[in-house]
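Work through these exercises with the model open. Each task is followed by a stepwise solution.

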Amino acid sequence: MNTPRIPIALHQAVMRTLRVALQQANHRLDARYPEPVVNYQQRGATAGSAWLQNWEIRLNAVLLRENQQHFIDEVIPHELAHLLVYARFGRVAPHGKEWRWMMEQVLAVPARRTHNFALASVQGKTFFYRCQCQQHQLSIRRHNRVLRGETEYRCRRCGEVLRPEPPHSS
Ligand SMILES: [Zn+2]
Ligand SMILES: [Zn+2]
């Protein structure tokens, strides 16, 4: 598995925000929870995830690069709170009352369960097809079925079989 490259300044900003939040939590909880492992292996359209038993936070490198400090401020407390809740309460509902308490009372941030980053660049790739009357977009799954000769798709309007368009440069 290759490691996505993150500019060093961005990684440092991640760690700075993480350390400030952890220090605040340790102070308020009178605890000495260690610094989580942070990596950039999160795939797909998910911003980040907390790996409880590994004490690890995985971040989405693409969304981090696109959203910078806004991403850090949203995702780091959210995932850190999952780890802290696990350390303190064990396995409980992921965004339940313990997590909300950790977010609002301990880390002093709004307990938002979801993030609203633009996801265009991490959502599944689509492929352009054409019939007589219009352009169509097929998911990679459908596109692969066409390539393997498993099926054909027809335009509902003109009834013609969809044909791949040459790839777009953008
Ligand atoms: Zn969560
Ligand atoms: Zn058509």
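A nonpolar core is a set of buried Ala, Val, Leu, Ile, Met, Phe, Trp, Tyr and Cys residues joined through C-beta atoms within 7 Å. A residue is buried if 20 or more other C-beta atoms, placed from the backbone, lie within 10 Å of its own; 12 or fewer make it exposed, and values in between partly exposed. The model is predicted: local features need pLDDT of at least 70, side-chain atom pairs count only at pLDDT 80 or more, and totals for chains, interfaces and linings use all residues. Residues are numbered from 1 along each chain as its sequence is written, while chains are lettered from A and ligands numbered from 1 in the order in which they are written.

**Exercise 1.** Find the residues that touch the most other members of the largest nonpolar core.

Step 1. The core holds 25 residues; Leu80, Ala81, Leu84, Met102 and Leu107 touch the most other members.
Step 2. Two or more residues each come from α1 (8-29), β3 (56-59), α2 and α3 (97-106). These elements are DSSP runs numbered from the N terminus (helices H or I, at least four residues; strands E, at least two).
Step 3. Helix α2 gives the largest share, ten residues.

**Exercise 2.** Is Glu79 buried or exposed?

Step 1. Glu79 is buried, because 23 other C-beta atoms lie within 10 Å.
Step 2. Beyond four places in sequence, Glu79 is in contact (C-beta atoms, placed from the backbone, within 7 Å) with Gly48, Ser49, Ala50 and Ile57.

**Exercise 3.** Locate the domains of the protein chain.

Step 1. The domain assignment gives domain 1 (8-106) and domain 2 (126-164).
Step 2. Their centres, taken over C-alpha atoms, are 42 Å apart.

Terms used: Domains from an automatic or database assignment. Contact = placed C-beta atoms within 7 Å.
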